[in-house]
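Here are some short notes for a first look at this model. Please read them with the structure open.

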Amino acid sequence: MRRIHYAWMVAGVAFLALLVSAGVRATPGVLIVPLEREFGWSRATISLAISVNLLLYGLTGPFCAALAERFGVRRTMAAALALLAVGTAAATRISTPGQLVLLWGLVVGGGTGMAALVLGATVISRWFTRRRGLVMGLLTASTATGQLVFLPILARRVEAAGWRSAVLCVSLAAAVLVPVVLLFVRDDPAKMGLLPYGATSPEPALRRTENPAVTALRTLGRASRNRDFWLLFLTFYVCGASTNGLIGTHLIPACVDHGIPEVRAATLLATMGIFDLFGTTASGWLSDRWDSRKLLFAYYGLRGLSLLWLPHALVETAGLSVFTVFYGLDWIATVPPTVRLVTDAFGKDDAPIVFGWIVAGHQVGASAAALAAGLIRTQTGDYRLAFFSSGALCIVAAVLALSIGRRRAAVPATLAVQA
């Protein structure tokens with residue numbers, strides 16, 4: 001019987017770590033209304049803390065990739081989960097908006113940034129030569145699975161025992177996973193006498209010895225001189241604004257505004273996670289075979305149309321069900337083709353850190369959208385302008401995606417992602 005390559009074990013544990021991190025990131029969706037009711041805070045005030053969380057999630061990513069290269073994936077992943085466990089547990093003691101910003105915004109935001117897709121990209125670059133697109137699709141789908149696993153549970157915990165009980169659930173999940181990471185994750189296949197999955201000969205691994213912050217900033221300096229970096233940054237900015245920042249944060253409160261119970265709204269988001277699990281995994285498979293620019297054009301265009309239709313869907317039960325399926329398939333399907341384009345443009349060694357900076361753009365967009373949607377709801381009483389604006393931005397991103405790589409010379413075969 002053929003033995004399963006250990007790369008799949010590392011990828012499996014990374015999937016679990018990203019799943020728990022996704023569960024933490026999904027939690028604010030079920031917290032907005034309970035915090036509003038208990039403390040009397042406006043949605044704009046609560047959205048500020050969520051905005052800071054999303055921003056830190058993005059800005060931590062590039063430095064996390066550099067930390068993983070310097071100190072190892074195993075230590076970085078375990079430290080991230082430990083920080084999440086401590087930060088979320090402490091967040092149950094908040095009583096002022098400032099404490100919410102400090103704990104959920106800064107501490108938990110930094111922890112989710114360390115346990116982010118950037119870490120998954122680092123795992124893939126070290127452990128896989130073949131099937132990179134597929135594995136990135138699977139790791140990306142952990143966000144959907146995190147919603148699927150956590151959101152209905154959290155919504156029911158809020159309903160039955162209050163929001164603090166729900167937050168303690170994700171804290172416990174993060175704490176339990178720390179020893180799993182320490183036991184099973186290994187930093188490099190060479191240290192186990194293995195080749196990366198699909199490799200036929202040893203590949204020289206880049207070993208950086210400089211300060212991780214310096215590495216991250218120097219890589220940004222090189223990447224920022226490339227036109228493709230800014231196109232990828234801008235399109236991923238829109239991706240974050242239209243997913244984590246808007247739908248992930250505000251769909252449940254928007255449903256409550258239309259008389260839809262919170263548990264049912266959380267179930268809708270979890271259902272999106274089911275469809276995204278299939279959509280993003282399929283996207284990874286497609287990115288190994290089709291032009292990633294055309295895939296991004298389709299994904300952003302379809303997402304834009306669905307967001308333009310969402311205000312109408314919220315007033316019709318059947319319409320919202322259709323939106324859930326349609327949008328769910330496209331939720332974060334943009335990630336595998338974006339990773340593919342980043343690796344094509346910047347090479348295997350720099351790709352994880354460059355992708356970290358592009359994820360920072362994703363989270364800057366998410367942060368801006370989370371705060372802007374909260375302000376729009378506070379000022380106008382509904383979310384229609386937020387949904388329409390985000391839909392229009394997605395249409396712009398679809399057009400920009402077609403320009404990625406058009407002025408670039410052919411990428412050397414040694415730098416391209418192998419299918």
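1. Start with burial. Buried residues make up 58% of the 419 residues in the chain. Keep in mind that this is a predicted model.

2. Next, the fold. The chain has 16 helices and 0 strands. Its radius of gyration is 20 Å, close to the 22 Å that the globule rule gives for 419 residues, so the chain is as compact as a globular protein of that length. Along the principal axes, the C-alpha atoms fill a box of roughly 60 × 45 × 45 Å.

3. Now the contacts. Take those with a separation of 6 or more: residues 24 or more positions apart account for 85% of them.

4. What lies inside? The largest nonpolar core has 124 residues. Val30, Ile247, Leu310 and Phe355 have the most contacts within this core. Helix H15, residues 335–380, gives the most to the core, with 18 residues. In soluble globular proteins, nonpolar side chains tend to be buried together.

5. Look at Asp330. This residue sits in the loop between helix H14 (317–329) and H15. Is Asp330 buried or exposed? Asp330 counts as buried because its relative accessible area is 7%, and the cut-off for buried is under 20%. Leaving out residues up to four places away in sequence, Asp330 touches Tyr299, Leu302 and Arg303.

6. Last, surface and charge. The accessible surface comes to about 16,100 Å², and 66% of that belongs to carbon and sulfur atoms. The chain carries 36 positive and 20 negative side chains. The centres of these two sets lie 6 Å apart.

How values were computed:
Residues are numbered from 1 along each chain as its sequence is written. This is a predicted model: local features need pLDDT of at least 70, side-chain atom pairs count only at pLDDT 80 or more; totals for chains, interfaces and linings use all residues. Side-chain values use heavy atoms; hydrogens and water are left out. A nonpolar core is a set of buried Ala, Val, Leu, Ile, Met, Phe, Trp, Tyr and Cys residues joined through side-chain atoms within 4.5 Å. Buried means under 20% relative accessible area, exposed over 50%, partly exposed in between (1.4 Å probe, protein chains only). Helices (H or I, at least four residues) and strands (E, at least two) are DSSP runs, numbered from the N terminus. Contact means heavy atoms within 4.5 Å. The radius of gyration is taken over C-alpha atoms; the globule rule is 2.2 Å times the number of residues to the power 0.38. Accessible areas come from the Shrake-Rupley method with a 1.4 Å probe; for residues, only the protein chains shown count as cover. Lys and Arg count as positive and Asp and Glu as negative; His and the chain ends are not counted. The place of a charge is taken as NZ of Lys, CZ of Arg, CG of Asp or CD of Glu.
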